[in-house]
Amino acid sequence: ALAAPHPERVFIGFELYLPSIATTLIKLENAGASNPRVIMADATAGQDHLFGPADLDELWTFFADPWHKKRHHKR
C-alpha cells in the first residue's frame, strides 16, 4: 500500500518463507508497484551485508514474534 503511491522511493523487504514472498509479489503486481524489492533472507543478516550506516532513510520491522509456535517451525 505504501510503495505504489511513492514510485520515487525504493522499498526492500526481507522474508524467509517462500509462500509469503509469492503472496507479496502478487499483491505488488496487482497494486502496480514496481519499486519494491523482496529478498529471501533473514533481515538481520541481510541488512548487515547490504547497507552501510547512512544508506537507509527508514527501517520498519513487522511481525516480530517473541515466542515460538509449532506451526512456525517450517519458517
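Here is a short chat about the predicted model shown above.

Q: Before we start, what kind of model is this?
A: This is a predicted model: local features need pLDDT of at least 70, side-chain atom pairs count only at pLDDT 80 or more, and totals for chains, interfaces and linings use all residues. Residues are numbered from 1 along each chain as its sequence is written, and side-chain values use heavy atoms, with hydrogens and water left out.

Q: How far does α1 reach?
A: From first C-alpha to last, α1 reaches 20 Å with its 14 residues, close to the 20 Å expected at 1.5 Å a residue. That expected span is 1.5 Å times one less than the number of residues in the helix.

Q: What follows α1?
A: Gly32 does, and its phi is positive, near 75°.

Q: Switching topic: what share of the chain counts as buried?
A: Of the 75 residues, 13% count as buried. Buried means under 20% relative accessible area, exposed means over 50%, and partly exposed is in between (1.4 Å probe, protein chains only).

Q: Is Asn35 buried or exposed?
A: Asn35 counts as buried because its relative accessibility is 7%. You'll find Asn35 in the loop between α1 (18-31) and β2 (36-40).

Q: Which residues does Asn35 touch?
A: Not counting residues up to four places away in sequence, Asn35 touches Ala3, His6, Pro7, Arg9, Val10 and Phe11. Contact here means heavy atoms within 4.5 Å.

Q: What about polar atoms on the side chain of Asn35?
A: One polar atom of that side chain lies 3.1 Å from the backbone oxygen of Ala3.

Q: You mentioned Pro7. Where is Pro7, and is Pro7 buried or exposed?
A: Pro7 sits in the segment before β1. Pro7 is exposed, because its relative accessible area is 61%. The C-alpha atoms of Pro7 and Asn35 are separated by 6.0 Å, although the two residues are 28 residues apart along the chain.

Q: What else is in the segment before β1?
A: Ala4 is one of the residues there. Ala4 counts as partly exposed, because its relative accessibility is 35%. Leaving aside neighbours within four places in sequence, Ala4 is in contact with Ala31 and Ala33. Ala4 and Ala31 are 27 residues apart in sequence, and their C-alpha atoms are 6.5 Å apart in space.

Q: OK, now β1. Which residues is Gly13 in contact with?
A: Gly13 lies in strand β1 (residues 11-15). Neighbours within four places aside, Gly13 is in contact with Arg37, Val38 and Ile39. Gly13 and Pro36 are 7.4 Å apart, C-alpha to C-alpha, and 23 residues apart in sequence.

Q: What share of contacts in the chain joins residues 24 or more positions apart?
A: Among contacts with a separation of 6 or more, 75% come from residues 24 or more positions apart.

Q: Last one: how much accessible surface does the chain have?
A: About 6500 Å², and 58% of that belongs to carbon and sulfur atoms. Accessible areas come from the Shrake-Rupley method with a 1.4 Å probe; for residues, only the protein chains shown count as cover.

How values were computed
Helices (H or I, at least four residues) and strands (E, at least two) are DSSP runs, numbered from the N terminus. A polar contact is a pair of N or O atoms within 3.5 Å; within protein, one must be able to donate a hydrogen and the other to accept it, and residues adjacent in sequence count only if both atoms are side-chain atoms.
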